[in-house]
Amino acid sequence: MYSEKVLDHFSNPRNVGEIADANAIGEVGNAKCGDIMKIYMKIEDEIVKDVKFKTFGCGAAVATSSMATELVKGKTIDEALSLTNKAVMEALDGLPAAKIHCSVLAEEAIHSAIEDYYNRLGIKNDKIKKCSGCCSSCHAHDE
C-alpha cells in the first residue's frame with residue numbers, strides 16, 4: 001500500500017518543527033478532512049536557506065510534508081515554486097489514490113509560504129498557485 005520511502009518519511013520525518021525567525025509561513029488544509037500543514041521558511045538572497053513543518057494529519061500528510069521540505073531546501077524561490085504534487089509523489093515512489101490530496105496540500109503549503117514571503121515584502125507574484133479544489137473531501141475550496 002505505502003512505499004518504503006513513504007513509511008520512512010512518516011517514521012523519520014525530516015525538518016519537523018518551527019523556525020523562530022521565519023520570514024515565510026504558509027498554512028493549508030482544513031480540520032474537516034483532518035490534514036493541516038504549516039510550513040516555515042527562512043529565505044535569504046532568493047534561496048530557501050531553511051524550511052520546517054508541522055503537520056496534523058495522516059501518515060501520508062506527514063510523509064509528503066517531510067519530502068516537500070527536502071525538495072525545496074537550498075533551492076531558489078522559483079525552483080521551490082515549480083515543485084508539483086507529482087514531483088512529491090514521485091520522490092516518495094507513489095501514493096495510494098486516496099492520499100494524493102496530501103501531496104497537493106504539500107505543494108500548496110510551499111506556495112502559501114512563498115506567497116507570505118512576497119506579501120511581507122509588498123511584492124505581488126502571479127506565479128503562486130492557489131488551491132486547486134481537487135481535494136473535494138475537505139471542502140477548503142468551498143469556504
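Strands (E, at least two residues) and helices (H or I, at least four) are DSSP runs, numbered from the N terminus. The model is a predicted one, in which local features need pLDDT of at least 70 and side-chain atom pairs count only at pLDDT 80 or more, while totals for chains, interfaces and linings use all residues. Residues are numbered from 1 along each chain as its sequence is written, and side-chain values use heavy atoms, with hydrogens and water left out.

**The sheet**

Next, select strand β2 (residues 35–44) together with β3: nine bridges join these antiparallel strands. Two strands pair if DSSP finds at least two bridges between them. Within this pairing, Y40 has K52 of β3 as its bridge partner, and K38 stands opposite K54 in β3.

The three strands form an open sheet in the order β1-β2-β3, with antiparallel pairing. At its edges are β1 (24–30) and β3 (47–56), each of which pairs on one side only. On average, neighbouring strands of this sheet are turned by 15 degrees against each other, direction ignored.

**The helices across the sheet**

Show α2 and α5 next. Helix α2 lies across β2 and β3 and runs at about 175 degrees to β3. Helix α5 lies across β1 and β2, running at about 145 degrees to β1. Angles run from 0 to 180 degrees between N-to-C directions, and axes are lines fitted to C-alpha atoms, for helices over the stretch in contact. Contact means heavy atoms within 4.5 Å.

How do α2 and α5 pack, and at what angle? Helix α2 (residues 59–72) and helix α5 (residues 100–121) pack at about 40 degrees, with their axes 9 Å apart. The two are therefore oblique to each other; angles under 35 degrees count as roughly parallel, over 145 as roughly antiparallel, 65 to 115 as roughly perpendicular and the rest as oblique.

To view the contact, select A60, A61, T64, S65, A68 and V72 in α2, which meet C102, S103, A106 and I110 in α5. These residues divide into seven nonpolar, three polar and no charged. Here Ala, Val, Leu, Ile, Met, Phe, Trp, Tyr, Cys and Pro count as nonpolar, Asp, Glu, Lys and Arg as charged, and the others, Gly among them, as polar.

**A salt bridge**

Finally, select D93 and K5, which form a salt bridge with their closest N and O atoms 3.9 Å apart. The term denotes a side-chain nitrogen of Lys or Arg within 4 Å of a carboxyl oxygen of Asp or Glu.
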